[in-house]
Amino acid sequence: MKVIHFVAAIDRSLGGVSIYMQLLAKDLGKLVDLLVVTRQTVDPLKLENCRVRFLPLPMGEMPKFRKEWIGILKEERPDVVHVNGIWMMHTWIAQREALRLGIRTFITTHGMLEPWIVGRHKLKKRVALLLFQRKALREAEALVATAESEKDNILKFGCNPNVCVIANGIDVEGVKMKASWKRTCRILFLSRVHVKKGIEMLIEVVAKIGNELKTYEVIVAGEGETDYIDELKGKVAAAGMGDMVRFVGGVYGEDKWNLLRSADVLVLPTFSENFGIVVAEALACGTPVITTKGAPWSDLEAWGCGWWIERSVDCLVAAMKDFLALTGDELERMGRMGRRLVEAKYSSRRMADDMLRLYQRLSDDGKTHCG
């Protein structure tokens, strides 16, 4: 089977979707002839087990993009075109031209129909829905969600009832677990530095319980807009926490894994995540996690490896105090359960297997139906 995945960009600075594509390609590329079509960026992630082709994506080069994309489709003759992301004219053109050539199309929405995301820039999204996005969702063979909660939000749009859940995964076999749970007095935020990630609430909570965190450092790791990072640093300074909260920028490769292993806990007080891959990464390292119900991680409670809380200052304060009260043995027990959870449910190989089964699932009417 030949499969083309279209994604707007694959760059270190972009986080979630880029990392997803890197992990999916590594295992899906062992099962199918995989081509990834994207644009060139400053700091692209390396993809394994697939071919990569680049197209121009600026709006001013839309005719060139369309022409070159059609050329790729006619040259490659794929069985499937899978579009990653929505709300862009390019994603609709990629799907539309594939449909015109009789190629089956799938869309992974990557959390872009979650209420918090839809609520931002409402006018632009209403225009997009009217012009192309509703039609694109309706005409896809199936839509792919990464969690049941995301599936429920997609179904509310009423565009396409055929929504399949394929959980994101990580290359868990390649992740080394921490060797010790002796406290390092390090609290970690690791993600894209963006308003939706809830860093301001973390800063507020740290200020509120500062006396209980005197021996701790709070590390904020990730890239983001310079103005927003400066704004956050200003809030930290105004709260008198300049010596406690440290911004370290983007952290990649083995440095990232070492940072995850060195933390006592990962905190992600997010407004909205369709998955939250850093949660799985932390758990694979044996590091417990605190995150909000803006992320689909009820497994943290079910498996006893973290806290899944309402998104409020009081709830985050309570979770942080619970974490601070744990013994070393309790931290280790949570860490080991987190690793078992990721091994059981969130491996990238399982994600690739599920994706291939989706592509192969044809009913008697010639359509793909999600079970």
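Trainee: Which residues does Asn84 touch, not counting residues up to four places away in sequence?

Mentor: Contact means heavy atoms within 4.5 Å. By that rule Asn84 touches His5, Phe6, Val7, Tyr20, Met21, Thr91, Thr108 and His110. The model is predicted: local features need pLDDT of at least 70 and side-chain atom pairs 80 or more, while totals for chains, interfaces and linings use all residues. Residues are numbered from 1 along each chain as its sequence is written, and side-chain values use heavy atoms, leaving out hydrogens and water.

Trainee: Is Asn84 buried or exposed?

Mentor: Buried means under 20% relative accessible area, exposed over 50%, partly exposed in between (1.4 Å probe, protein chains only). Asn84 has 5% relative accessibility, so Asn84 counts as buried.

Trainee: Where is Asn84 placed?

Mentor: Strands (E, at least two residues) and helices (H or I, at least four) are DSSP runs, numbered from the N terminus. Asn84 is in strand E4, residues 80-84.

Trainee: What is the order of the strands in the open sheet?

Mentor: Strands of a sheet pair through backbone hydrogen bonds, either parallel or antiparallel. Two strands pair if DSSP finds at least two bridges between them. Here seven strands run E3-E2-E1-E4-E5-E6-E7, with parallel pairing. Strand E3 (51-54) and strand E7 (163-165) are the edges, each pairing on one side only.

Trainee: How many bridges join E5 and E6?

Mentor: Strand E5 (residues 104-108) and strand E6 (residues 142-145) pair in the parallel sense over three bridges. Thr108, one of the residues that Asn84 touches, has Val144 in E6 as its bridge partner.
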